[in-house]
Structure formats: C-alpha cells, structure tokens
Amino acid sequence: MIGLLSIPTWIIHFGSVIEWGVAMALFYMVGRYKGNVWFKQMPLFMLPYGLSGLCAIAFHLTEDTATFFNDAQAYLTLTGSCAFALWAWLLLRDLTKVKAQKSQTHASSPVKTKGKLIYTLRQAGQSQLSELESPQEEVRRG
Amino acid sequence: MADTIMSFSIFPYLLFLYLVWRIWKLDPSLINKTTFLGFSAMLGFVFVTACAGITAVKIMGASTLGHVDWLHGLAESGLTITNGLIAYGLKKQLDSYKPQPVEDDD
C-alpha cells in the first residue's frame, strides 16, 4: 500500500491517465492524416477530462483528505463533458456544411457563366495534360 | 455539491454520444467502431463507479471509495478498459491510412 491505494490500484489509475494522453496524441495524428481541423483540435477538448483524472490522483495522494481536488475534479468533469459535446457539434456542423456545398455544386453542374466555363475547361485540360505527362508506368521487378 | 455537479456532467456526455453517432452515420470512415465502443462503454464505467461509491460509503461505512481498495480498483479498472478501447480504435484507424506492405511472390 502506498497511501490509501494498493500498487495494482495505483497502476490502474496511472494507466488510465497515460492511455488518455496516448488517445490525445492519436486524435491529433488522425487529424493530420485526414486533414481535419477538429480531429487536430481534439486534444484541447480532451484536456479538461485529463486534468480531472490528475485531480483524482492528487486527491488520493492526500489520502482523500484535500476536498479541493475532489471539487476541482467535479468541475473539470462537467467542463470536459461540455467540451466533448461542443467538439462533436462543431465537427457535425462542418460535415453537414461540406455535404450541402457538395450537393449544391452538383446541382449547378451545367455551367452557367462564361468565366466558370473557361475555368472548368481549363481544369479539364490540365487533368488531361497531367495524365499525358505522367503516364502510369508498370514497374517490373526482379 | 461536487457529487451533484459530477452527476450533471452525464447530460452533455449523452449529447456528445448522440452527435458522434450522427457523425458516424454521415461518414463511417471518420470514427473507428472500437473508439465509439470505448466512448459508449464510458457510460458503463460511470454507472459501475457510482454504484461502487454508494456501496463503499452507504453500505460499508467508509468515508470515501478510496478507503475500500478492492472496490476502488475494480471500479477504476473500467476506465482503464474504456480508455484502452478508445486509444486502440484510433491506432487501428491510423494504421489503416498507412500503405499496406505488398507481399512478394518470390
């Protein structure tokens, strides 16, 4: 026993906090791959819960006497839950916006304005050019 | 007071789960199933910890859950499992983006 907690219970406590930290880093990395700003920002939204966990550990370190840490943990947990809901709402808002934009551009695909027509033609030409410039080569190995 | 605030934090969390479920319906590639399972299982952890806390204080007469080590350890291990699921799901998701190694014929 170290203080109030046995060693396995301490390991469980620190394990949870470490896993949370790993999850924060992984969320950021997924955001980098996906190019998604909210996944990259997720560690920030996960911070209140992380601090809440640290407060729980601090509370146990004082042998459950410093009620300040217990109170702080409760407030941080509420902040964390609100941060999570906010994060999901922001991400969902972005996703639905992108979807609406996509369907809009799809609906107006018959080109109406002259400028847009030129732009579209230029884009089409460019994609053809790039196909010509970099033909798909089969690499023979062995 | 702290207990009341703690219990109220379940409502924004339920909203979070509902919104994440809608995100998953919109684009399943964005959130790994294991990660979502971990976030959902967090509700189970909250329930188990709340029950363990009540058992320790009201039935066993301890001042806090921290004073009943085995119950404390059992309840907290739930969080280790859910956090592990969240991290594991993210790891799987990240691995799926990396190019798969090509098997050689020779």
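Predicted model: local features only at pLDDT ≥ 70, side-chain atom pairs only at ≥ 80, totals over all residues.
Colleague: What makes up chain A?

Modeller: Chain A has four helices and zero strands. From the N terminus on, its elements run α-α-α-α. Of its 142 residues, 30% are buried. Among contacts in chain A with a separation of 6 or more, 56% join residues 24 or more positions apart.

Colleague: Which residues of α1(A) are buried, and what do they pack against?

Modeller: The buried residues include T9(A), H13(A), W20(A), A23(A) and F27(A). The buried residues of α1(A) pack against α2 (37-61) of chain A together with α4 (69-97) of chain B.

Colleague: Why is α1(A) called roughly antiparallel to α2(A)?

Modeller: The two axes come within 8 Å and cross at roughly 175°. Angles over 145 degrees count as roughly antiparallel, and therefore α1(A) and α2(A) are given that name. On the α1(A) side the residues that meet α2(A) include H13(A), W20(A), M24(A) and F27(A). On the α2(A) side they include F39(A), M46(A), Y49(A) and L54(A). By class, the residues of this contact are 13 nonpolar, six polar and three charged.

Colleague: What makes α3(B) roughly antiparallel to α4(B)?

Modeller: The axes of α3 (residues 33-59) of chain B and α4(B) cross at roughly 170° and come within 8 Å. With the limit set at over 145 degrees, α3(B) is therefore roughly antiparallel to α4(B). Here the contact has 16 nonpolar, nine polar and two charged residues.

Colleague: Why is D69(B) called partly exposed?

Modeller: D69(B) has 15 C-beta neighbours inside 10 Å. Buried needs 20 or more and exposed needs 12 or fewer, so D69(B) counts as partly exposed. D69(B) sits in helix α4 of chain B. Leaving out residues up to four places away in sequence, D69(B) touches L5(A), S6(A) and T9(A). The C-alpha atom of D69(B) is separated by 15 Å from that of I59(B), ten residues apart along the chain.

Colleague: How many residues does each chain give to the contact between A and B?

Modeller: There are 36 residues from chain A and 36 residues from chain B. Helices α1 (7-34) and α3 (67-107) of chain A each supply at least two residues of the side that touches chain B. That side of chain A has 23 nonpolar, ten polar and three charged residues.

Colleague: Which residues touch the most other members of the largest nonpolar core?

Modeller: They are A23(A), F27(A), F84(A), W87(A) and A88(A), in a core of 34 residues. Both chains take part: α1, α2 and α3 of chain A and α2 (10-26), α3 and α4 of chain B each supply at least two residues. The most come from α1(A), which gives seven residues. Another core, of six residues, lies apart from this one, and among its members are A52(B), A56(B), L65(B) and L71(B).

Colleague: What does A88(A) contact, leaving aside its neighbours within four places in sequence?

Modeller: A88(A) is in contact with F16(B), L19(B), V20(B) and I23(B).

Colleague: Where is E63(A), and why is E63(A) called partly exposed?

Modeller: E63(A) lies in the loop between α2 and α3 of chain A. It has 13 C-beta neighbours inside 10 Å. The limit for exposed is 12 or fewer and that for buried is 20 or more, so E63(A) counts as partly exposed. Phi of E63(A) is positive, near 55°, in a residue other than glycine.

Colleague: How do you know whether D64(A) is buried or exposed?

Modeller: D64(A) has 20 other C-beta atoms within 10 Å. A residue needs 20 or more to be buried, and D64(A) is therefore buried. D64(A) is placed in the loop between α2 and α3 of chain A. Phi of D64(A) is positive, about 55°, although D64(A) is not a glycine.

Note on methods:
Residues numbered from 1 in each chain as written. Chains lettered and ligands numbered in written order. Contact = placed C-beta atoms within 7 Å. Nonpolar A, V, L, I, M, F, W, Y, C, P; charged D, E, K, R; others polar. Axes fitted to C-alpha atoms, helices over the stretch in contact; angles between N-to-C directions. Parallel < 35°, antiparallel > 145°, perpendicular 65-115°, else oblique. Core = buried A, V, L, I, M, F, W, Y, C linked by C-beta atoms within 7 Å.
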